[in-house]
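Thanks for coming. I have one structure to go through today, so please look at it first and then I will talk you through a few places in it.

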Amino acid sequence: GGNVEEGETLRQAARRDLWEETGLYIVPNQLIELHTGPCSAPSTTAERFEVTTYLAVQWQGVPQQREAGLRPQWLPYTALLNNSPFAQYNRTVGEKLIAKFPSFRRHIFPSE
């Protein structure tokens, strides 16, 4: 997650923030917008904010810790549904991904 800096597009902000936090470089023009919608923060205040999620088609690098407190790693999609305070938002993103690319169903929801 991150914020858009002045003068950036959403795609530019996504690429920059991913690089800053994980060391992964997204090849320009290799992001597909999957979903934009409200998401609730995992707090008692139930703060809601607008989130845009992209599918990275092509990237370079290996996830690495670049910021204190963050431990980037590859996870199965089910972990985003079962162990995340953003489970409902993540399910919606998965459904959008399957709507655009039906073959992803077996990777995202293997037991369905």
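Let me start with Y89. Leaving aside residues up to four places away in sequence, Y89 touches H35, G37, P38, C39, V51, T52 and T53. Keep in mind that this is a predicted model.

Y89 also belongs to the largest nonpolar core, which has 12 residues in all. Among the others are L34, C39, V51, L55, Y77 and F109. Which elements supply at least two residues each? They are β2 (31–40), β3 (48–56), α2 (77–82) and α3 (87–100). Of these, α3 gives the most, with 4 residues. As general background, nonpolar side chains in soluble globular proteins tend to be buried together.

Next, T22, which sits in helix α1 (residues 10–22). Is T22 buried or exposed? Its relative accessibility is 10%, so T22 counts as buried. The T22 side chain reaches the backbone nitrogen of L24 at 3.1 Å. Beyond four places in sequence, T22 touches V62, P63, Q64, R66 and P72. R66, in turn, lies over the face of W19, 4.3 Å from the ring centre.

Last, the aromatic pairs, of which there are 2. W59 and W74 form a tilted pair, 5.6 Å centre to centre with 45° between the planes. W59 is in strand β4 (residues 59–60) and W74 is in the loop between β4 and α2, so this pair ties together parts 15 residues apart in sequence. W59 counts as partly exposed at 39% relative accessibility, while W74 counts as exposed at 58%. For F101 and F104, the ring centres are 5.8 Å apart and the planes are at 50°, so that pair is tilted.

Technical notes: Residues numbered from 1 in each chain as written. Predicted model: local features only at pLDDT ≥ 70, side-chain atom pairs only at ≥ 80, totals over all residues. Heavy atoms only, no water. Core = buried A, V, L, I, M, F, W, Y, C linked by side-chain atoms within 4.5 Å. Buried < 20%, exposed > 50% of the residue type's maximum accessible area, 1.4 Å probe, protein only. Contact = heavy atoms within 4.5 Å. Polar contact = N/O pair within 3.5 Å; in protein donor to acceptor, adjacent residues only side chain to side chain. Phe/Tyr/Trp six-rings, centres within 6.5 Å; stacked < 30°, edge-to-face > 60°. Lys NZ or Arg CZ within 6 Å of the ring centre and 35° of its normal.
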